[in-house]
Amino acid sequence: MSTVLTNSEGWKALEKHFVEIEHTHIKTLFEKDKNRGQRLTVKDLGIYFDFSKHRITDETLDLLINLARDRGLEAKRAAMFSGEKINITENRAVLHTALRAPKDSSIKVDGHNVVPDVHEVLDKMAGFAAKIRNGEWKGFTGKSIKNVVNIGIGGSDLGPVMAYEALKHYTDRSLTFRFVSNVDGSDLAEALIDLRADETLFIISSKTFTTLETMTNAQSARSWALKQLGNPSAVARHFVAVSTNEKEVMKFGIDPQNIFGFWDWVGGRYSMSAAIGLSTMIAIGPDHYHEMLNGLHEMDEHFRTVPLHKNIPVIMGILGVWYNNFFGAQTQAVFPYENYLKRFPAYLQQLTMESLGKHVTLGGEKTNYQTGIIYWGEPGTNGQHSFYQLIHQGTKIIPVDFIGFKKSLNTLTPHQDYLIANMIAQGEALAFGKTTEEVRKEGVDEQLIPHKVFEGNRPSSTFFLDTLSPENLGKLVAMYEHSVFVQGVIWGINPFDQMGVELGKVLAQNIIPELLDKQKPIAHDSSTNALIEFYRQ
């Protein structure tokens with residue numbers, strides 16, 4: 001096997017196959033195979049995954065799976081689950097799967113079983129969450145906590161806020177939750193505008209406790225609280241930390257008993273089921289939180305054990321490679337037909353683009369092929385009245401993931417029927433379109449016919465589940481996590497580091513003192529210098 005992806009036999013076979021199938025219409029594929037809509041599906045874990053509306057044949061699937069197998073998917077999957085240090089650029093294991101492993105599991109890193117450590121933190125989180133929820137935890141003045149403010153950024157924000165919004169139906173409505181991430185002061189100001197410090201708990205989520213945005217917000221929140229509470233010792237009753245830097249946490253004034261730790265084998269964008277999920281556990285309660293962990297674990301086991309041809313994340317991953325590298329698709333749309341999942345596409349943006357936005361292979365060679373695709377989306381049906389026009393009649397190929405649920409959490413008749421009818425109809429319209437002849441039969445004026453033609457042949461997947469439960473949210477999250485892994489393996493890149501976020505942050509540290517001190521000399525390029533001078537004025 002060639003180590004260069006595009007020189008491999010599997011890649012060359014796909015290139016040849018693509019030429020043969022490139023212009024085949026989805027409608028033709030369905031006409032040739034009357035059972036296609038039932039056959040190209042996976043039904044497992046309560047998920048109905050329909051991938052029949054894709055520009056693929058059985059041969060396409062075979063070739064893509066052969067490519068994944070030749071790129072070592074099965075061996076690398078086993079290495080990840082066993083705790084090998086597959087994040088080679090940082091010499092770390094990749095074990096977000098251990099965060100949701102059952103108590104009796106054994107997953108070792110450097111010979112140490114990490115599962116008991118995980119459950120020790122989970123038990124500590126559960127005890128703390130229970131005290132907040134039942135009013136046992138008192139603030140500095142003796143009042144119970146009514147407000148919880150999570151301060152973090154990246155995975156320390158996107159996971160918790162997505163999970164909170166997704167599972168809002170299950171939350172304790174007597175508690176108010178706010179999430180602050182942006183260093184823009186407006187974010188914190190608006191989060192605190194109607195809160196009282198004596199009833200507010202802050203969760204400072206930062207592994208290093210040095211992240212600029214998070215610690216700037218944390219210090220401002222501390223000042224806000226002490227302005228009302230007066231005594232520095234109040235910090236210990238109103239601030240807790242999710243961090244590994246005990247020294248900095250204690251310097252801030254947080255009781256070391258209220259530090260919830262995690263490990264370097266947990267990447268930020270894979271950490272929503274680590275202690276980063278403390279705000280989620282407080283919101284929905286420990287029992288529902290463990291249901292979510294169970295859903296994550298069930299999908300982990302599906303990905304680990306199910307044959308590749310029936311493996312949901314594997315099929316998702318290889319389809320992503322097919323459209324990105326052969327059809328030249330630049331984006332992937334995710335449309336949940338469930339309003340509670342309104343933050344799910346934003347969560348997926350970090351998961352996918354921070355993982356797959358790499359331009360060199362594991363060996364350090366520059367790729368001669370496209371890697372990460374751009375993820376975006378909004379809940380249905382809102383998007384139908386904004387950007388669906390481009391997907392239906394534009395010039396770009398945009399594969400779509402539809403996510404729907406048979407039962408609504410809020411039974412307002414006939415809302416759910418209308419919602420799901422729209423989701424199913426959109427997939428049908430994208431795939432099959434409407435021909436010139438069909439439009440003409442409707443009696444449309446000849447001059448308008450070209451404007452009313454839908455070419456179709458636009459690919460989509462549909463994921464159908466019973467209801468949006470904590471367990472099903474866990475399944476969806478893990479499903480996308482593992483599809484990212486599949487693509488990373490095929491492209492030969494490291495989906496577990498994020499060095500691309502560093503340069504801008506380093507340069508910002510150089511510019512900050514130049515903005516604070518108007519007399520300080522500046523020596524950048526002419527554009528940067530001019531921008532600094534304009535701000536100084």
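1. Two helices, α14 (312–325) and α20 (470–491), each put at least two residues into the lining of the largest cavity. Helices here are DSSP runs of H or I with at least four residues, numbered from the N terminus. α14 is the top contributor, giving four residues.

2. Some housekeeping: this is a predicted model, where local features need pLDDT of at least 70 and side-chain atom pairs count only at 80 or more, while totals for chains, interfaces and linings use all residues. Residue numbers run from 1 along each chain as its sequence is written, and side-chain values use heavy atoms, with hydrogens and water left out.

3. I get three cavities of 30 Å³ or more. A cavity is a set of points, on a 1 Å grid over the protein atoms alone, where a 1.4 Å probe fits but cannot get out; lining residues have an atom within 4 Å of a point. Points are joined across faces, edges and corners, and a volume is the space filled by probe spheres set on them.

4. The largest cavity holds about 130 Å³. Its lining has 14 residues, with M316, L319, G320, Q332 and D401 lying nearest the centre. By class that is seven nonpolar, six polar and one charged. Ala, Val, Leu, Ile, Met, Phe, Trp, Tyr, Cys and Pro count as nonpolar, Asp, Glu, Lys and Arg as charged, and the others, Gly among them, as polar.

5. The second largest cavity has about 40 Å³ of space. G320, N324, Q332, I373, Y375, Q487 and W491 line it, and α14 and α20 each supply at least two residues here too. This lining has three nonpolar, four polar and no charged residues.

Notes: 1 Å grid on protein atoms, 1.4 Å probe; cavity = no way out; pocket = protein on both sides within 12 Å on 5 of 7 lines; lining within 4 Å.
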